[in-house]
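Take the fold first, then the ring contacts. The paragraphs below follow that order.

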Amino acid sequence: MEQQLRLTIEALRERQEHEMINNRDFGLLHNADLRQRIHARTGPPTPDDLDELLATVWKDPDVLLAHPRTIAAFGRECSRRGVYPQSIDLYGHMVPTWRGVPLLPCNKIPVTPTRTSSILLLRTGMEKQGVIGLHQTGIPDEVQPGLNVRFMGIDEKAIISYLVSAYYSAAVLIPDALGILDNVEIGRES
């Protein structure tokens with residue numbers, strides 16, 4: 001039962017990540033100020049595009065998020081131009097950076113049927129008036145912050161039921177805490 005519950009919670013947390021990026025009401029892709037959205041200049045994400053994105057969140061940006069295929073497309077553009085981004089050790093993993101800002105993979109950022117995607121740049125934390133995650137705490141039967149598991153009973157076939165709920169949201173505290181580079185091409189089908 002513990003393993004089933006662990007897997008259920010993992011699946012719920014994966015869904016939570018998806019919603020934090022894509023939800024129409026509070027997801028980051030839909031809540032960036034229009035002045036904080038820019039478009040790729042030529043198609044694939046270039047160093048110039050990322051420099052322009054960095055200019056939108058110019059006060060102490062923390063992280064760039066992109067689909068892994070978008071990161072690969074950026075790497076190809078850098079190689080084509082003879083530019084090689086630095087890497088840093090982040091929690092035991094080497095990750096590329098652009099101008100010192102880690103470029104992290106996020107497979108929750110969608111890739112359209114026309115093979116375009118977006119790159120997000122975030123300043124995080126309440127103290128920096130950035131992007132913050134929100135969750136309800138102190139809820140009954142809480143097993144993790146903002147997540148509760150409630151016993152619902154045992155049926156006539158001796159099947160135990162639990163209701164697993166997560167309470168979460170995201171907030172962009174001031175508009176310049178989130179910038180988005182839209183419509184970057186990740187490559188053409190071969």
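Helices (H or I, at least four residues) and strands (E, at least two) are DSSP runs, numbered from the N terminus. Two strands pair if DSSP finds at least two bridges between them. This is a predicted model, in which local features need pLDDT of at least 70 and side-chain atom pairs count only at pLDDT 80 or more, while totals for chains, interfaces and linings use all residues. Residues are numbered from 1 along each chain as its sequence is written, and side-chain values use heavy atoms, with hydrogens and water left out.

Begin with a hairpin. Strand 3 (residues 87-90) and strand 4 (residues 93-98) are antiparallel and share 4 bridges. One of the bridge partners is Met-94 in strand 4, which faces Asp-89. The hairpin has 2 residues between its strands, and Tyr-91 takes a positive phi near 55°.

Now place that hairpin in its sheet. Strands of a sheet pair through backbone hydrogen bonds, either parallel or antiparallel. Here, 7 strands form an open sheet in the order 1-12-6-2-5-4-3, and the pairing is mixed. Strand 1 and strand 3 are the edges, each pairing on one side only. From one strand to the next, the twist averages 30°. Axes are lines fitted to C-alpha atoms, for helices over the stretch in contact, and angles run from 0 to 180 degrees between N-to-C directions.

Two helices lie across the strands. Contact means heavy atoms within 4.5 Å. Helix 2 (residues 47-56) lies across several strands, including strand 1 and strand 12, and runs at about 160° to strand 12. Helix 3 (residues 68-81) lies across strands including strand 2 and strand 5, at about 130° to strand 5.

Turn to the aromatic rings. Rings of Phe, Tyr and Trp (its six-membered ring) pair if their centres lie within 6.5 Å; planes under 30 degrees apart count as stacked, over 60 as edge-to-face and the rest as tilted. The count is 3 aromatic pairs. Among them, Phe-26 and Tyr-168 are edge-to-face, at 6.0 Å centre to centre and 75° between the planes. This pair links distant parts of the chain, 142 residues apart: Phe-26 is in the loop between helix 1 (2-22) and strand 1 (37-39), and Tyr-168 is in strand 11 (residues 168-172).

How accessible are they? Buried means under 20% relative accessible area, exposed over 50%, partly exposed in between (1.4 Å probe, protein chains only). Phe-26 is buried because its relative accessibility is 18%. Tyr-168, at 22%, is partly exposed.
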